[in-house]
Amino acid sequence: MGEVDQAFIQSIEHRPNLDTIEIEGIPLIDLSLSHTTDINVLVSKIGTACKNWGFFQVINHGVPLELLEKIKVAAKAFFDQTMEEKRKVKRDEVNPMGYYESEHTKNVRDWKEVFDFLIKDPSFLPASPELEDDEMRTLSNQWPENPPQFREVCQEYAREVEKLGYKLLELISLSLGLPSNRFNGYFEDQLSRMRLNHYPPCPCPELALGVGRHKDAGALTIVAQDDVGGLQVKRKSDGVWAPVKPTSNALVINVGDIVQVWSNEAYESVEHRVVVNSERERFSIPIFIFPSHYVMVKPLEELVNEGNPPKYKPYNFGKFNVARNRSNYKKLEVQNIQISDFKII
Ligand code: OGA
Ligand code: NI
């Protein structure tokens, strides 16, 4: 990426503090259910983590550890290729899946390159964010020829993590006092996607960010990260940026905007960002669990009542997603769409 271009520079208030700090981090939850662990204990741990942090890490999550290793190797092998090779699967305004190196978050360019693919291929999305326009478009994946096993490994990993995603959604549903299958119907035509992130070493880590501060728009995100570190979570208790400590064999989980709306803010989608460093490259692999495009996202009826009225107006997930993605390509003059646009004041 060469010298640090102006497009990467964060405004002063959003620049990271690079001092290493030792502070209380997000909870680590063991998902194994031995005969000594009561499911209710697990559900309550998940509920508390969602409430206090919006983030937690899990171990004994069921995703085979050798697969976790394989996907990290595949990510490195893909990004290690020449730009010419990677650009063969470059995404554009027509096809948002594939390779991309100039994503913007909050209108500042991220110090990263990514490869995106859909879990369900093809997927269907509204053609435009305009509510009165009911034209649809088809999204499909672009797979590179190289590295040779890349596609297979990505798809195998995605299948395993997807299973974990639904298991976690069941636990989250139980933690809200709802039946475990309460969310199942929303994902029949899921728009979930997986991303490989590569954060190259950055000559000015005090000015730029790997990913600028943001909240994830989906229901749930599941991230595999290497041992470099850099992911930071805005701690709810005091607004301090807390590092997510790389933990071997663990996956990082965070609830997204949709769970915030479904739960009527019992659980909040928490801001996070990625700090880069001048020495080591970093890889991370998130899976964003998204519902079907036609899902109207709104606070669940069982969770609202006179004393706790709905805090959001219903919104169409497909339209929201299309509107949101527009800002990934260019600097917009205005603030991008957010769930707060649907907030009932
Ligand atoms: C993201 C994200 C975190 C990471 O891609 O939305 O927050 O650790 N990534 O790379
Ligand atoms: Ni994120």
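A polar contact within the protein is a pair of N or O atoms within 3.5 Å, of which one must be able to donate a hydrogen and the other to accept it. The model discussed here is predicted.

Q: What makes the pairing of the side chains of His-214 and Asp-216 a polar contact?
A: The distance between the side chains of His-214 and Asp-216 is 3.0 Å, and the cut-off is 3.5 Å, so the pair counts as a polar contact. The side chain of His-214 also reaches the backbone oxygen of Gly-212, at 2.9 Å.

Q: How do you know which residues coordinate the nickel ion (ligand 2)?
A: Donors are N, O and S atoms within 2.8 Å of the metal, and His-214 (NE2), Asp-216 (OD) and His-272 (NE2) lie at 2.1 to 2.2 Å, so these three residues count as coordinating the nickel ion. Along the chain, the donors follow the spacing H-x1-D-x55-H. Asp-216, in the loop between strand S10 (211-214) and strand S11 (220-225), and His-272, in strand S15 (residues 272-274), are 56 residues apart, and the pair links distant parts of the chain. His-214, for its part, has its place in strand S10.

Q: Why are His-214, Asp-216 and His-272 called buried?
A: Buried means under 20% relative accessible area. Because its value is 15%, His-214 falls under that limit; Asp-216, at 5%, counts as buried, and so does His-272, at 6%.

Q: Which element gives the largest share of the shell around ligand 1?
A: That share, 4 residues, comes from S16. Strand S9 (193-199), S15 and strand S16 (282-289) are the elements that give two or more residues to this shell, which divides into 5 nonpolar, 4 polar and 2 charged residues.

Q: Which residues does the annotation "domain: Fe2OG dioxygenase" cover?
A: According to the unreviewed UniProt entry, the annotation covers residues 190-291. Over these residues the chain is 6% helix and 39% strand, with the end C-alpha atoms 5 Å apart.

Methods
Residues are numbered from 1 along each chain as its sequence is written. Chains are lettered from A and ligands numbered from 1 in the order in which they are written. This is a predicted model: local features need pLDDT of at least 70, side-chain atom pairs count only at pLDDT 80 or more; totals for chains, interfaces and linings use all residues. Side-chain values use heavy atoms; hydrogens and water are left out. Donors are N, O and S atoms within 2.8 Å of the metal (3.2 Å for Na, K and Ca); water is not among the atoms, so sites may look incomplete. Buried means under 20% relative accessible area, exposed over 50%, partly exposed in between (1.4 Å probe, protein chains only). UniProt positions are given in the numbering used here, feature names are shortened, and annotations may be inferred rather than shown by experiment. Ala, Val, Leu, Ile, Met, Phe, Trp, Tyr, Cys and Pro count as nonpolar, Asp, Glu, Lys and Arg as charged, and the others, Gly among them, as polar.
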